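Hi there,

Here is the structure I promised to pass on. Have a look, and then read on for what turned up.

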Amino acid sequence: MRPSPRLMMQATKALRSAGHPDPKNGVYMGWWGDLGSPKQKGIVTYVLSPNRQDPMAGAYKNAIFNVYRRTYHQILYWLPPMVLGYVLMSWATEKNHYLNSKPGRLEAAEEEE
């Protein structure tokens, strides 16, 4: 047999009133965020709507200075390998052009004999 709606309402009302035990946790402490503790005082928070914020504020200025700072601190890690790679690549390109030219082929043919 189902209980009448009136009894169900009374049980809920009794649960929600302060001081009555909660069957799961023992005591009803208040709705979400209240939890039965005293209100905090002296804490001030300010909120700015995301629609009012400028997400790119200072981005270009910070980008310039960040690139300079990061490059300055990291240049000794990447500049010498880059210079070495450039020198080796230019040497290899010149050697390849020479070996595929007429004098280079003659020199390679003389070495084979």
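How far apart do the end C-alpha atoms of residues 75–93 lie, and how much of the span is helix and how much strand? The end atoms are 26 Å apart, and the span is 100% helix and 0% strand. Helices (H or I, at least four residues) and strands (E, at least two) are DSSP runs, numbered from the N terminus. An unreviewed UniProt entry annotates residues 75–93 as "transmembrane region"; such annotations may be inferred rather than shown by experiment, and the positions follow the numbering used here, with feature names shortened.

Before going further, please note that this is a predicted model, where local features need pLDDT of at least 70 and side-chain atom pairs count only at pLDDT 80 or more, while totals for chains, interfaces and linings use all residues. Residues are numbered from 1 along each chain as its sequence is written, and side-chain values use heavy atoms, leaving out hydrogens and water.

The protein has 3 helices and 0 strands, in the order α-α-α from the N terminus. Of its 113 residues, 2% are buried (under 20% relative accessible area; exposed is over 50%, partly exposed in between; 1.4 Å probe, protein chains only).

A nonpolar surface patch includes Ile75, Trp78 and Tyr86, and its members together have about 1,000 Å² of accessible area (Shrake-Rupley method, 1.4 Å probe, with only the protein chains shown counting as cover for residues). Patch residues have over 30% relative accessible area and no salt bridge, with nonpolar side chains (Val, Leu, Ile, Met, Phe, Trp, Tyr) joined within 5 Å and like charges within 9 Å. A salt bridge is a side-chain nitrogen of Lys or Arg within 4 Å of a carboxyl oxygen of Asp or Glu. Tyr77, also in this patch, lies in helix α2 (residues 59–99) and is exposed because its relative accessible area is 64%.

Best wishes
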